[in-house]
Amino acid sequence: MGVMVVLMLPLLLLGISGLLFIYQEVSRLWSKSAVQNKVVVITDAISELGKECAQVFHTGGARLVLCGKNWEKLENLHDSLISVADPSKQTFTPKMVLLDLSDISCVQDVAKEVLDCYGCVDILINNASMKVKEPAHKISLELDQNIMNANYLGPITLTKVLLPNMISRRTGQIVLVNSIQGKFGLPFRTAYAASKHAALGFFDCLRAEVEEYDVVVSTVSPTFIRSHRVYPEQGNWDASIWKFFFRKLAPGVHPAEVAEEVMRTVRRKKQEVLMANAIPKAALYVRTFFPEFFFAVVACGVKEKLSVLGEG
């Protein structure tokens, strides 16, 4: 009996790997068809995550409106998307809009320009984000304001201008790419965590308000975005099962993974996605049900870090 189990195990793993591979391919094709001809606006499209989202949605046949605060980088992204487009598949030339979400005084006017590109917006991906890591007393109020503008006031201003169009058409989806720090804050990230809490609160409230108009509000919250992959690329059966198990243990997520999840979120119209492995999820659970213990553990970590810096 034991020998049979040993012999069957490789076949079982191979079968699981094959099923995962088939599921991934079907899911990818289904996702792309879900955005065909849809008008998709991506903010901060020139960031690493923005570029990956642009690639995924462009390949899916979406009518892209790429927003960013650097025109040269927008043009580079535009050219790169055009150069890799598959002639056998229908794709659309992306439109570009210069937009700096931290400059609130200009957001409303630029938002109207975004709306004029195609006359409507089907999907808005709020991707822009500004980060800082410093003790609270060392962050100037001016920097606090800039972070709040970029991460909260800018995205909601853009959303408010585009939202009436979705409501009148009774269709649309708004996706906020947020952070797990919108759920709980970490030391030395006061301004960043505060802005992410604010954004999450706004879009959670908005979700209930616009449901009757068939407008979907989604939030995708990764832990942190890293620049490297820790497992093989998709494309073969062995990589599929490797990815299934090891992505659950890897710290942080790659921009390509987040872009894939944004596409799945759009296709399935999911309301909330938390991209985190077991440890951050456990921390969120402890923060919710045992806050005093959570605060004590975090405080000990800060004291240990400060003591190490002091010795250095």
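## Parallel sheet, packed helices and a pocket

Strands β1 (residues 39-42) and β2 (residues 63-68) run parallel and are joined by four bridges. Val40 stands opposite Leu64 in β2. The model is predicted: local features need pLDDT of at least 70, side-chain atom pairs count only at pLDDT 80 or more, and totals for chains, interfaces and linings use all residues. Residues are numbered from 1 along each chain as its sequence is written, and side-chain values use heavy atoms, without hydrogens and water.

Helices (H or I, at least four residues) and strands (E, at least two) are DSSP runs numbered from the N terminus; two strands pair if DSSP finds at least two bridges between them. Seven strands make up an open sheet, ordered β3-β2-β1-β4-β5-β6-β7, with parallel pairing. Because β3 (95-98) and β7 (272-275) at the edges each have a single partner strand, one side of each lacks a neighbour in the sheet.

| Helix | Strands touched | Angle |
|---|---|---|
| α4 (residues 104-118) | β1, β2 and β3 | about 170° with β3 |
| α5 (residues 141-169) | β4 (123-126), β5 (172-177) and β6 (215-222) | about 170° with β4 |

The second largest pocket is lined by 15 residues, with Asp44, Lys69, Asp100, Ala128 and Ser129 nearest its centre. A pocket here is an open set of points on a 1 Å grid over the protein atoms alone, where a 1.4 Å probe fits, with protein on both sides within 12 Å along at least five of seven lines; lining residues have an atom within 4 Å of a point.

Note on methods:
Contact = heavy atoms within 4.5 Å. Axes fitted to C-alpha atoms, helices over the stretch in contact; angles between N-to-C directions.
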